[in-house]
Amino acid sequence: MTLAHGRRYLAIPGPSTMPDRVLAAMHRAAPNIYAGELPEMVGTLWPDLRRLAGTSGHVALYIANGHGAWEAANMNLFSRGDRALVLATGRFGIAWAESVKPLGVTVEMLDFGTASPVDPARVEQALRADRQHGIKAVLVTHVDTASSVRNDIPAIRAAIDAAGHPALLAVDCIASMGCDPFHMDDWGVDVVVSASQKGLMVPPGLGVLWISDRAMERCRDSDLRTPYWNWTPRATASEFWQHWAGTAPTHHLFALRESLTMIAEEGLPAVWARHAALAQTVWAAVEAWGEGHPDIALNVADPAHRGHAVTALRLGPAPNATRLRDWTEQKAGVTLGIGLGMAAPDDPAWHGFLRVAHMGHVNAHMTLGALAVMQAGLIALDIPHGLGALEAAARVVARLA
Ligand SMILES: *Cc1c(COP(=O)(O)O)cnc(C)c1O
């Protein structure tokens, strides 16, 4: 017997649920890529994208996933032989560093583990030690999707300034854009990297970079730039094709137009508040399951350091997390995220971690539904857990809705 038939829910941290309106916007004939509706529509994207990131800076779009968006940032930020300071709080910070190294950029890594945020004092110390100002940029994830740690970006900016260091600040907002509040200009961020398939509710395939005037200027002579990755023509195109270094990603752009319209209709502060509420709903359930059962626990102890797009948790002992994921998918049509970066994939402990996504087109019934399905799985699989999780989750919704 299975109860999985019906609309499935992919509750993994990307790709996220695509709204029917976004899918419908893509259902159209191929548009003319030289004139008419497509270039006119794309003209409306730029101000909305700037508003989303909180900047009056530049925007460059790439036909790319998140890894491609990282590479776009890397190729413009650095010249061969430059140095980068990478602040890691989970698997994605480490992976960004790994994408920089093969370019001939020397990476200095401050690794803060998988359960705590960046300590700005250590950033200041590392930059003070760089007396020659050889470090060109500091790279950090806003929310690391593997650990669900959220970093305090203004505090990191303040640490760079306190060290009197000219390094550019580049932030990976692939998980957090459209989910957690972000204010690029107010926070002194130079480069923001994102992608379409998470909070932006568009299929994977669009990378988005926001670039400050300062970064534009300081990276003008970066010698890693190739014509395809160079952000300058993309951000300042005089002809439409230059935005894409070729053919435009036609249907993704119509999808993005619709998703930005949906975000504007709800209102960005309301979108952020919805994500905060759904995150707290998940946290309340996990805390109740973990009551008296220390094998079940949120990855990040302090709520102030948790992202609002995804929640990483321990659901041990292994292999209980994998058993539960299999059960929810096969029996109830809910696919939960694998644990990432908490244990090596060939380590049996890997099967004691999972993630619940709550990013993008997600509402209370979806999150409460996913939690109720998890509750059913815990019972069906005889996994010891604390009681009252669904009551606790419902109380959060009742209080915040
Ligand atoms: C998803 C994600 C990435 C990688 O994106 P891909 O599209 O899988 O290449 C990088 N950083 C963060 C923070 C992410 O959430």
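Buried means under 20% relative accessible area, exposed means over 50%, and partly exposed lies in between (1.4 Å probe, protein chains only). This is a predicted model, in which local features need pLDDT of at least 70, side-chain atom pairs count only at pLDDT 80 or more, and totals for chains, interfaces and linings use all residues. Residues are numbered from 1 along each chain as its sequence is written, and side-chain values use heavy atoms, with hydrogens and water left out.

**View 1. Ala277 in helix α10.**
Ala277 belongs to helix α10; helices (H or I, at least four residues) and strands (E, at least two) are DSSP runs, numbered from the N terminus. Ala277 has a relative accessibility of 17%, so it counts as buried. Leaving aside residues up to four places away in sequence, Ala277 touches Val396 and Leu400, where contact means heavy atoms within 4.5 Å. Between Ala277 and Leu378 there are 24 Å in space, C-alpha to C-alpha, and the two are 101 residues apart in sequence.

**View 2. His275 in helix α10.**
His275 is placed in helix α10, which covers residues 268–290. Is His275 buried or exposed? With a relative accessible area of 1%, His275 is buried. Not counting residues up to four places away in sequence, His275 touches Gly178, Cys179, His308, His358, Met359 and Gly360.

**View 3. Helix α10 beside helix α12.**
Helix α12 is made of residues 364–380, and the axes of α10 and α12 come within 9 Å and cross at roughly 15°. Axes are lines fitted to C-alpha atoms, for helices over the stretch in contact, and angles run from 0 to 180 degrees between N-to-C directions. The crossing angle makes α10 roughly parallel to α12. Angles under 35 degrees count as roughly parallel, over 145 as roughly antiparallel, 65 to 115 as roughly perpendicular, and the rest as oblique. The crossing of α10 and α12 is right-handed; a crossing is right-handed if the near helix is turned clockwise from the far one by less than a right angle, and left-handed if anticlockwise. On the α10 side the contact is made by Leu278, Thr281, Val282, Ala285 and Trp289, and on the α12 side by Ala364, Thr367, Leu368, Leu371, Met374, Gln375 and Leu378. Sorted by class, the residues of this contact between α10 and α12 are nine nonpolar, three polar and no charged. Here Ala, Val, Leu, Ile, Met, Phe, Trp, Tyr, Cys and Pro count as nonpolar, Asp, Glu, Lys and Arg as charged, and the others, Gly among them, as polar.

**View 4. Helix α10 beside helix α13.**
Helix α13 (residues 389–400) packs against α10 at an angle of about 155°, and their axes are 7 Å apart. The two helices α10 and α13 are therefore roughly antiparallel to each other. The crossing of α10 and α13 is right-handed. From α10, the residues Ala277, Gln280, Thr281, Ala284, Ala285, Ala288 and Trp289 meet Ala389, Ala392, Ala393, Val396, Val397, Arg399 and Leu400 in α13. This contact of α10 with α13 has eleven nonpolar, two polar and one charged residues.

**View 5. Helix α12 beside helix α13.**
The axes of α12 and α13 come within 10 Å and cross at roughly 170°. That angle makes α12 roughly antiparallel to α13. Which residues make the contact of α12 and α13? Ala364, Leu368, Leu371, Ala372 and Gln375 of α12 meet Ala389, Leu390, Ala393, Ala394 and Val397 of α13. The contact of α12 with α13 divides into nine nonpolar, one polar and no charged residues.

**View 6. Two cis peptide bonds in one loop.**
Pro317 lies in the loop between β10 (310–315) and α11 (320–332), and Pro319 is also placed in the loop between β10 and α11. The peptide bond from Gly316 to Pro317 is cis, with omega near -5°. The bond from Ala318 to Pro319 is cis as well, with omega near 5°.

His133 is in the loop between α5 (120–129) and β5 (135–141). Although His133 is not a glycine, it has a positive phi of about 55°. His133 counts as partly exposed, at 37% relative accessibility. Ala245 is found in the loop between α8 (231–236) and α9 (250–266), and its phi is near 50°, a positive value in a residue other than glycine. Ala245 is partly exposed, with a relative accessible area of 33%.
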